[in-house]
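Here's a quick briefing to read with the model open beside you. Take a look at the chain, then work through the points below.

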Amino acid sequence: MRALERHRKLSAIWASETGFRGWFSTVNHNDLGRMFLFTAFLFFIIGGLLAMLIRVQLATPHSAFAGPEIYNQIFTMHGTVMMFLFAIPTFEGLAIYLLPKLLGTRDLAFPRLTAYGFWCYAFGGTMLIVAMVFGIAPDGGWFMYPPLSSAIHSPGINADFWLIGITFVEISAIAAAVEITVSVLKYRAPGMSLEKMPIFAWYALVTALMILTGFPPLILGSVLLELERAFGLPFFQADLGGDSLLWQHLFWLFGHPEVYIIFLPAAGVISTVLPVMCRTTLLGYGWIVSAALALAFLSFGLWVHHMFTTGIPHLGLAFFSAASTLVAVPTGVQIFAWIGTMWKGRPELHLPMLHILGFFVTFVIGGLTGVMVAVVPFDWQAHDTAFITAHLHYVLFGGFVFPIFAGIYYWLPHFTGRRQFFRLGELAFALVFSGFHITFLAMHWAGLLGQRRRISAYAPEDGWTTINLISSVGSFILAIGIAMILIDVLLHVFTARRSRRNPWNASTLEWAMITPAPAYTFASLPQVSSRDPLAREPELATTLARGEGFLGTPRDGLRETLAVDSASGRPEMHVLYPANTRLPIIMSAVTGLFFLSLLLKFYWIVPLALAGVIVLAWKWVRSLGLRDDPAMQPVGHDLNLPSSATVERAPGWWGSVFLLTANGTFFAALLFGFAFLWTVAPGWPPPVWFTPSVAELALGVAGAVIAPLAMRRAIRRNRAGDAPLFSVLIALSGSAVLGIACAALMLRAPAPTEHAYGSTLLVLGGYGLFHAIIAALMGGFLARQIRCGYTSAKRRAAFPIVALWVKYTSITGAIILLAAHLSGMLS
């Protein structure tokens, strides 16, 4: 088969629908990556315009440009848009577009999940922007501290838009994190072991794992605060056993890792682009990977340094201050590795390199001011001043925006197949760099002179007038520079000349294809034996186009790829992808209906929306079943592999592991909240304790024990060729019994509106009941698959997945019942 014929056949198999209708049905990572990036930069423009409104307001004393209420909405939405709707989605879009190309595969692990995540992001972000247009946007700061954000002090639905909208958007982040983690670990080119992975893939993997463990505490906090606002459950009301500091702990358990979730992908861009700009290889690959892992680990031990002024015990202050300074070590390792890379190479000042140099200057300053605020006495003075705002922007703009601009200019020829013609980029960089430093160096100065953050006006005698005017002028210079970058990119897309395939002479796999990238990515999959495959095999692109790699022959209209052993990169299974479908956008719309009905207090719609999600999820997984046992699949190079439907650790099992990782973090945060309120919050002990029941506890624990044991027996019987249906029904019954025990806990808990103890037990019981229902639904689905002939001794992939969820439900359910009943017994 000729290369052109192969290209046409693969394009017919993998292409999306033509026209705008294809946007709504595509599950291809090329389309979805571009859609993520376009939407993220649209929100970036909105966030930038809000920043300009802030600087207009603060340019002069006693400004009447915006009243306090509108100003509160402006700065709240600026932070919310930049943190939740621009930074994280930009990483997601870049990873979704690049990772299959860097890893030598054809798509990500779960294409429909990628599409579902995008539409949740688009709908949730639109919800917040619409609220702003109608003047009912959140106005309590992007961190929404109670009691300011409670129903008493923030009536109306402004705060609800934040709590519900952000939770909706974070579904997208969790979905993308699961997608990225499984893709990096399992969907790589044959032979690409962990030590041969491109450095960006390591950063993406670490970031995705941080999202899975960092976002759930904020989701929990948002759920608890919305329950308090909507139903009066007093989680954060001190007079009823709650504590507003619980919100700060939950928020900053997310908030400080969020800084590194934003920085690490940008560091991955630098580690990828810098060696190419310096015509050398990356110095200290292993050290950089270790530093990224250490940074991720340490970032979860720093959250209290945002709370130094809240009355933390001195021992805690000392510990978290030391940990906050320690985090500079792995950051320094990366900085010195990059400097060493430049030293051993021959840096060329192309446009991506200019932005990398801008990153070095800006991020180092931001890091130094970060060490300053890690010192407790200084933090006490600078806390909640403009100094902190300036530090935050030095870290986030310097540590994220400059590297992202470098990455955009580096990969723009890959996105468009064109090379730069106009030379606006260099002037734009000069304006951005100078405008940024004028703006935020002045803001440091104002903060040291005592200017508080989040103020809408100040008096001339405060002495900040000249500084704020300089800062505002700098912000307009910065805005003009960013506008020029956006114009330059548009000119590149529509007017530039065609580019050769690998204009930078890079050595990574994304350049081993035609550009713009075809829908199928690789005509055949490469065999990788080096960290720099194009340096080792300069003609690799031609070889793959001729079909000389794996899966080089299109067949039967199937979207095929390979999954590998996570450590060694040895080919492990043959995987089929789903075709284009509108199911993800429909499911995200129904999910959005659920959140919107909560927001607007149309509670009668909530169960209907949940039922819709269940029906669509059932349809989603039903399409994965096979009626017949698949044979071993020839994949090329005289290798035959089993189908993913016939292995016990299929891609769905891996996805469940990491989704349950996020779920487990949510549960751990919930237990932390229960323990925190019990031991720290005022107003304890509660007036009424839960009345324990040995019978209920025994019944629930028995169900929790029986369900996973029955699933284990079902797996063994299915493997042996015996009928597993009865064992699956026993597991379903065990989950149902556990759910009944959790429901009884909810019904018998002390009045949830009278004390935080009762409300916490209600939420714990609801968590257990919710997962028992999920386990029962999964057991029912598996039973149906068995009865309809979709399983056999070979087609066994569904059994371990259901067993995993049942086991998780049993463990968490038993812990919930023990926590509730033992608390009553101990009282």
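This is a predicted model: local features need pLDDT of at least 70, side-chain atom pairs count only at pLDDT 80 or more; totals for chains, interfaces and linings use all residues.

Residues are numbered from 1 along each chain as its sequence is written, and side-chain values use heavy atoms, with hydrogens and water left out.

**Domains**

- About 1500 Å² is buried between domain 1 and domain 2, with carbon and sulfur atoms giving 79% of that. Buried area here is the accessible area (1.4 Å probe) that two parts lose on being put together, summed over both.
- On the domain 1 side, R112, Y116 and I164 lose the most area to domain 2, together 43% of what that side buries.

**Nonpolar cores**

- A nonpolar core is a set of buried Ala, Val, Leu, Ile, Met, Phe, Trp, Tyr and Cys residues joined through side-chain atoms within 4.5 Å. Buried means under 20% relative accessible area, exposed means over 50%, and partly exposed is in between (1.4 Å probe, protein chains only).
- Which residues touch the most other members of the largest nonpolar core? They are L99 and W338, in a core of 247 residues.
- Leaving out residues up to four places away in sequence, W338 touches Y203, F263, A267, I270, S271, L274, L282, I288, F359 and F360.
- There's also a second, separate core of 15 residues, and its members include I715, F799, V802 and A803.

**A residue in helix 15**

- T439 sits in helix 15 (residues 424–448); helices (H or I, at least four residues) and strands (E, at least two) are DSSP runs, numbered from the N terminus.
- Is T439 buried or exposed? T439 counts as buried because its relative accessibility is 1%.
- S471, G474 and S475 are touched by T439, not counting residues up to four places away in sequence.

**Salt bridges**

- A salt bridge is a side-chain nitrogen of Lys or Arg within 4 Å of a carboxyl oxygen of Asp or Glu. The whole structure has 16 salt bridges.
- E17 and R582 pair up at 3.2 Å, N to O. This pair links distant parts of the chain, 565 residues apart: E17 is in the loop between helix 1 (3–14) and helix 2 (21–25), and R582 is in the loop between strand 4 (571–576) and helix 19 (583–599).
- E348 and R279 form another salt bridge, their closest N and O atoms being 3.4 Å apart. E348 lies in the loop between helix 11 (328–344) and helix 12 (351–374) and R279 in the loop between helix 8 (244–277) and helix 9 (285–299), so the pair ties together parts 69 residues apart in sequence.
- Across the interface of domain 1 and domain 2, the rule finds 1 salt bridge.
- D160 and K601 form a salt bridge with closest N and O atoms 3.8 Å apart, and D160, R229 and K601 are linked in a network of salt bridges.

**Cysteines**

- How many disulfides (pairs of cysteine sulfur atoms within 2.5 Å) does the structure hold? The number is 0.
- C120 counts as buried, at 0% relative accessibility, and C742 counts as buried at 0% too.

Conventions:
A disulfide is a pair of cysteine sulfur atoms within 2.5 Å. Contact means heavy atoms within 4.5 Å.
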